[in-house]
Amino acid sequence: MKTKPDLSFWKLWNLSFGFFGVQIAYALQSANVSRIFATLGADPHDLSYFWILPPLMGLVVQPIVGTASDKTWTRIGRRLPYLIVGAVIAVIVMCLLPNAGSFGLTVSSAILIGLAALMLLDTSINMAMQPFKMLVGDMVNEKQKGLAYSIQSFLCNAGSIVGYIFPFLLTWIGFRNTAAAGVIPQTVVFSFYFGAVILLACVIYSLVKIKEWPPKLYNEYNGIADSEDSGKKKEKTNLLKLLVNAPSTFWTVGLVQFFSWFAFLFMWTYTNGTIAKNAFGCPETFTVTGISQLSPDGKTAETFSAKYILDADNNVIVEHGKPCVAGIITADGKFISGRTIAMPDTHVEAVDIKNGGLNVQAPAQGVEILSPVATDGLIASVNGVASFDFNKDINTLDGAVIVDGKRIFTTTFRMVDYLSRMAGPTELTLADICTHDPHSGELFLDGTSRATLSDPKAARLEKSVVLNTESAEYNDAGNWVGILFAIQAIGSVLWAIVLPQFRNRKFSYSLSLLLGAAGLISSGYLTDPYLLFISFALIGCAWAAILAWPFTILTNSLKGGNIGAYLGLFNCSICIPQIVGALLGGVILSLLGKPDQLAPQNLMMVVAGVSLILGSIAVIFIKEHKSE
């Protein structure tokens, strides 16, 4: 077997440069997925479930790409074709995912589109990422692998920084950071657009700069007998057989990987909610999930889920599980919802509400505006004094009322306040539970004539308290999470420079995970946005070790022509813990909190920290391969 030659720094750099663009896409995904699905209407207890698809696809795709690329030989190489396919799909899906809430669909439909886009995005990212890891195993000798993976780690974190700070920078430039209910803000949407452009440029650079070895030379450098020379057929790769014959290092490093990626899955899932509540004071609201009919003894007899819920005496109305804005009910029973509602005189030209305050464009000179205005149920006259009661007939002078700037002609109507949350007594075509007659005191399942809830007083709403994802505080926190993740990446870059200086690799690995555990646990309690820089810099130490050491330690213990297959299998140690974490996240969060209170997402950061401590202990069991 020929000894692999030493490569210049820039050749090592070029082997991994495409990782920069791929990691931008990955950073945008990891920092914004929870924000996106929370904005679409997902409950905090369900957030972790949305993270099942990415690692599940990685579990399927990565071994296939690794094994298939071991047997692929084309004019441009054996690994690069998979980079091209993965990158093209990723670019397309990056333009779709942040727009899942922009098609005017119901919450459930928007979430389904988001899930499909997320699945394709993570699949394509994995397909584009895998070739760079395998190229190092193919073309770098054992002496330089530590340096090669350190360069890869540096580029990985540099790409992360760019991806993480995009929403914050775009807000600073002037892009809108808030949007209508269920719609992703401009800052997030355009961050994905710009990330897609950079990814495409990095892939083109890689195709120009990387020249893979031809089959014969590759076989010579990796100790593989040429089948044509030996006259023997190559055996088909048997993944099960490879697992049985895997070196012990494969399993011990995999155990550390389990605790590490379990922890980071929780960090990605719950950082947005933790920071929004603790550091930005995000206001709370509630999401209604259904309505329960109570039996005479007070126990729940039956529960109905609902997209819309209306009770017969107009006390509570919920649209898509979210409280509705204020509205009006006309004399003929038609409901019209509106964020801004005004009772104008004929001289009012426009009425708008900004940040809870009144902003009236000046009418003709000398005309006094006396018309009361409602926004999100807050009723005021021009001077801010409440001027009338809700749910009472109101007569207009000119036969019209302005709703969101549009003039609705009705001589008599009733204003519905914020507590009523009206969504319509007669036109709920998508309703699961509604009333056919607002005065009957009966509730019906939509599409039926049988009264299912004959006594509204014996019914109760099933609801959960959640953060208000439409608030400026929540979206400011979402941008700040990007900054914190960038601090984590910077800390990782700096720590990656320090890691090779440790003589004992296992010690540096274990120490890094302990520092990350301290960062995760402290991030669950700190309320100062800037003190959180320390927490996430410490988390960056763990991230640097997770990126650098597992593959270095493993590839040093592998020989022969199945490196791609083994690396594909080893990536299961990244995917499986994330799947387990995603499945258990909602369960653990429910155990830590109370049903009628805001979910304690900060405690999930503590759980993540404990997982890293266990990973640090597991490092003890690794037996490193002694390189020649």
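1. A helix axis here is a line fitted to C-alpha atoms over the stretch in contact, and angles run from 0 to 180 degrees between N-to-C directions. Helices are DSSP runs (H or I, at least four residues), numbered from the N terminus. With that in hand, a few friendly notes follow.

2. Please keep in mind that this is a predicted model, in which local features need pLDDT of at least 70, side-chain atom pairs count only at pLDDT 80 or more, and totals for chains, interfaces and linings use all residues. Residues are numbered from 1 along each chain as its sequence is written, and side-chain values use heavy atoms, with hydrogens and water left out.

3. Let us start with helix 2 (residues 18-40) and helix 11 (residues 248-278), whose axes come within 6 Å and cross at roughly 55°. The two helices are therefore oblique to each other, a label for angles that are not under 35 degrees (roughly parallel), over 145 (roughly antiparallel) or 65 to 115 (roughly perpendicular). The crossing of helix 2 and helix 11 is right-handed, that is, the near helix is turned clockwise from the far one by less than a right angle.

4. Which residues of helix 2 and helix 11 make the contact? Helix 2 brings Y26, S30, A31, S34 and R35, and helix 11 brings W261, W268, T269 and N272. Contact means heavy atoms within 4.5 Å. By class, this contact has 4 nonpolar, 4 polar and 1 charged residues; Ala, Val, Leu, Ile, Met, Phe, Trp, Tyr, Cys and Pro count as nonpolar, Asp, Glu, Lys and Arg as charged, and the others, Gly among them, as polar.

5. Helix 1 (residues 9-16) packs on helix 6 (residues 142-173) at about 50°, with the axes 9 Å apart. This crossing is right-handed too. F9, L12, W13 and S16 of helix 1 meet residues of helix 6 including Q144, L147 and I151. The contact divides into 8 nonpolar, 3 polar and no charged residues.

6. Q144 of helix 6 is buried, with a relative accessible area of 10%; buried means under 20% (1.4 Å probe, protein chains only). Beyond its neighbours within four places in sequence, Q144 is in contact with P5, D6, L7 and L12.

7. In the largest nonpolar core, of 142 residues, F37, F264, M267, W268 and Y509 touch the most other members. Such a core is a set of buried Ala, Val, Leu, Ile, Met, Phe, Trp, Tyr and Cys residues joined through side-chain atoms within 4.5 Å. A second, separate core of 5 residues includes I328, V401, V403 and F413.

Conventions. Buried < 20%, exposed > 50% of the residue type's maximum accessible area, 1.4 Å probe, protein only.
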